[in-house]
Amino acid sequence: MTETQAGSTLEYLVARCAMGDRIAFADLYQATSAKLFAVLLRILKNEEMAEDALQDVFIKVWHKATEYHVGKGAVMTWLLSIARYRAIDLLRRAKTAVQVDAEEGLEERAANEPDVAELAGRAVDNARLNTCLDELEGPRRACLVLAYCEGYTHDELSQRLGSPVGTIKSWIRRGLKVLKACLDGEGDYRG
């Protein structure tokens with residue numbers, strides 16, 4: 001695929017994301033997340049912060065996809081810009097947090113700890129996600145976990161699982177559909 005073709009594909013995916021197409025969003029993530037993560041890791045120098053920033057970037061992309069216009073530049077340039085600004089925000093926040101800690105001591109730091117209710121909510125969400133993942137058939141579950149948790153590309157999954165790329169894409173697409181239906185609480189979600 002030439003650079004021009006890749007750019008056109010990314011433009012198409014962003015346009016589909018703007019229309020709420022979750023599959024296009026997953027494909028956009030698949031196509032760009034590794035490069036964005038590398039940039040974030042280079043700026044933040046912390047893998048955990050880079051992972052959090054990458055998640056923030058894609059949340060912003062999902063919500064702001066309608067604001068992307070081809071005339072403003074290439075999709076990858078737009079995505080890299082969002083990633084860089086997010087990394088800079090995190091660095092500023094981290095620097096401010098260090099200053100606050102130094103000035104206000106341990107009591108203030110305790111106030112910045114995550115809310116217990118928020119942590120409990122996350123635990124419930126994680127348990128629900130794991131339950132829904134367990135409902136998926138083996139290949140679909142493996143593809144989703146390897147793609148979204150481990151960062152495998154479609155080609156890498158094809159090689160690792162010994163299945164054609166088209167099959168991998170199908171497993172991921174159907175797995176996401178079933179996972180969404182399960183998380184939404186739809187009764188008949190097994191497809």
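**Contacts, cysteines and burial**

In this predicted model, residues 24 or more positions apart account for 57% of the contacts in the protein chain with a separation of 6 or more.

Q: Why is the link of cysteine 132 and cysteine 182 called a disulfide?
A: Their sulfur atoms lie 2.1 Å apart. The cut-off is within 2.5 Å, so the pair qualifies as a disulfide. A search of the whole structure finds one disulfide.

Q: Which parts of the chain does the pair link?
A: Distant ones: cysteine 132 sits in helix H5 (residues 116–135) and cysteine 182 in helix H8 (residues 165–183). The two cysteines are 50 residues apart.

Q: What is the handedness of the link of cysteine 132 and cysteine 182?
A: The link is left-handed, with -80 degrees about the S-S bond.

Q: How do you know whether cysteine 132 is buried or exposed?
A: Its relative accessibility is 3%. Buried means under 20%, so cysteine 132 counts as buried.

Q: What about cysteine 182: buried or exposed?
A: Cysteine 182 has a relative accessible area of 12%. That is under 20%, so cysteine 182 is buried.

Q: Why does cysteine 143 get its burial label?
A: Cysteine 143 has 0% relative accessibility. The limit is under 20%, therefore cysteine 143 counts as buried.

Q: How much of the protein chain is made up of buried residues?
A: Buried residues make up 29% of the 191 residues.

Q: How many helices and strands are there in the protein chain?
A: Eight helices and zero strands.

Notes:
Residues numbered from 1 in each chain as written. Predicted model: local features only at pLDDT ≥ 70, side-chain atom pairs only at ≥ 80, totals over all residues. Heavy atoms only, no water. Helix = DSSP H or I, 4+ residues; strand = E, 2+ residues; numbered from the N terminus. Buried < 20%, exposed > 50% of the residue type's maximum accessible area, 1.4 Å probe, protein only. Contact = heavy atoms within 4.5 Å.
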